[in-house]
Amino acid sequence: LYRAHQQAGQLELAEASLRRVIDIDPTRVDTQLTLVSFLLRHRGADSAEQQLRAFIAQAPEAYRLQFGLARLYGATERTDDMVAVYRDVIESNGTRADGLSARRFLAEYYLDNGQYDLALVLIEEVLAENPNDSQVLVIRAGINLEQRHPDRAIVDLRTVLRDNPKSAFARRLLGRAHAMKGDTSLAEDSFRKALDLDPEDAEAYVDLARMLAADGDADGAIAVFEGMLEVARDDRPVLQAMAQIRLQQDAFEDALALAQRLKTEFPDRAEGFYYAGLALQGLERFDESVQEFEAALALKPDSAEPLSAMSQSLLASDQGEMTVDRLDAVLTQDPDNFLIQNLLGEVFGVMRQGEAAEAAFLKAKAIRPDWPLPYRNLASLYSSREQSDKAIAVVREGIDATGGDETLRLQLATLLEQDGQNAAAIAQYEGLLADFPDVEVAQNNLAMLLIDGDPDQVALDRAL
């Protein structure tokens with residue numbers, strides 16, 4: 001009856017139907033959550049929260065309602081409140097089932113927000129109770145992929161697939177791990193098995209096609225995308241990935257056609273305008289590209305990518321001051337926008353205004369001390385001035401602030417090598433490779449340092 005009233009647009013009657021069911025059986029959590037969803041959709045977040053809190057007050061041990069409250073906070077961007085709800089459930093339940101569920105939900109949130117250390121603490125607590133918990137093993141695999149540890153991800157994903165062989169998501173992540181290792185045949189096999197399990201999984205098609213493109217088979221990648229347009233639940237990520245590949249091929253006319261299709265089919269999304277701007281930029285139609293980037297920013301004002309690309313178009317057409325004015329306008333509205341502050345420094349660098357660039361990078365670093373890019377940019381700026389001591393010092397500062405960022409550690413080793421501190425550079429390269437063994441640049445640079453001059457057999461063996 002509720003569904004019939006809702007489909008007919010009779011909202012008052014639909015709500016009354018749900019409330020009547022709850023009055024008959026106040027323990028029906030599913031119906032209570034359905035009412036909360038209805039109120040959120042038709043009455044607003046405050047009404048939904050008020051009703052949900054009333055249900056929780058009547059049944060404080062019904063933790064599905066608590067989880068519903070956390071989801072409500074997440075949906076309305078009250079993330080601090082969401083985290084507090086999950087933490088309260090964990091404190092109340094310890095390692096009982098609901099406490100473990102809260103840890104899973106919270107670990108997934110931390111993964112999505114790049115807070116890997118916090119996620120890993122919760123994951124280990126769950127695994128201490130159940131070493132084969134598929135959900136947290138998948139989350140840990142995701143963290144390992146983000147941190148470029150594919151071997152660790154593969155171990156967890158094989159455990160998951162042993163118990164859940166029909167998990168298309170785990171198969172897709174396994175494909176990503178193999179692709180990260182360069183095992184393209186194993187990666188392709190995993191992606192295709194994921195698609196056998198879920199033929200409408202757009203992301204699996206995207207992963208497969210991107211791997212083919214990275215392996216040099218761009219036409220094969222496009223063929224995969226074209227084939228999936230018939231079956232995908234959502235063709236937007238497919239069209240986006242096709243546009244990205246065409247841009248990487250410098251096939252700008254093809255990319256522009258795909259971007260126009262995105263604009264037509266998804267006019268309220270910024271991506272089509274952004275890709276159109278990139279394609280026009282590649283065609284050196286800079287004024288037109290600026291118009292597209294402006295349209296993208298109108299739809300997504302807080303997006304740094306269109307603003308960065310627009311800055312490149314303006315600089316290419318000798319409109320550097322206009323670029324600075326545009327970035328300053330954003331910073332006036334949002335002075336703590338570290339992305340734009342860093343971008344402003346890069347623009348000043350192109351304009352050869354070194355002092356202004358340094359000031360902007362220092363501000364970006366102060367706003368977001370754990371972001372590696374301002375440290376890298378400052379080090380490059382200092383190196384260009386032949387201030388090697390300052391370059392090395394700021395990179396060391398960045399390594400401490402970011403918890404050992406891989407790119408900064410590589411930059412430090414390179415700076416030490418350029419400064420003639422070969423022993424210190426060797427130690428840095430070896431430390432980096434101990435943590436990130438697949439960094440090919442570090443491998444090559446270390447080998448060249450070890451065989452430099454008149455190496456002994458020990459050095460030659462280390463180089464090999």
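Author: Buried residues account for 47% of the 464 residues in the protein chain. Buried means under 20% relative accessible area, exposed means over 50%, and partly exposed lies in between, with a 1.4 Å probe and protein chains only. The model is predicted: local features need pLDDT of at least 70, side-chain atom pairs count only at pLDDT 80 or more, and totals for chains, interfaces and linings use all residues. Residues are numbered from 1 along each chain as its sequence is written, and side-chain values use heavy atoms, leaving out hydrogens and water.

The protein chain has 28 helices and 0 strands. Helices (H or I, at least four residues) and strands (E, at least two) are DSSP runs, numbered from the N terminus. The C-alpha atoms occupy a box of roughly 85 × 55 × 45 Å along the principal axes.

Now the pairing. Helix 22 spans residues 354–367, and helix 23 spans residues 372–384. They pack at an angle of about 155 degrees, with axes 9 Å apart. That makes helix 22 roughly antiparallel to helix 23. Axes are lines fitted to C-alpha atoms, for helices over the stretch in contact, and angles run from 0 to 180 degrees between N-to-C directions. Under 35 degrees counts as roughly parallel, over 145 as roughly antiparallel, 65 to 115 as roughly perpendicular, and the rest as oblique.

The crossing of helix 22 and helix 23 is left-handed. In a left-handed crossing, the near helix is turned anticlockwise from the far one by less than a right angle; clockwise is right-handed.

Which residues touch? Helix 22 contributes G354, A357, E358, F361, L362, A364 and K365. Helix 23 contributes P374, Y375, N377, L378, L381 and Y382. Contact means heavy atoms within 4.5 Å. By class, the contact residues are 9 nonpolar, 2 polar and 2 charged. Ala, Val, Leu, Ile, Met, Phe, Trp, Tyr, Cys and Pro count as nonpolar, Asp, Glu, Lys and Arg as charged, and the others, Gly among them, as polar.

N93 sits in helix 6 (residues 79–93). N93 counts as buried, at 5% relative accessibility. D156 lies in helix 10 (residues 150–163). D156 also counts as buried, at 5% relative accessibility. Beyond neighbours within four places in sequence, D156 contacts L137, R140, A141 and N144.
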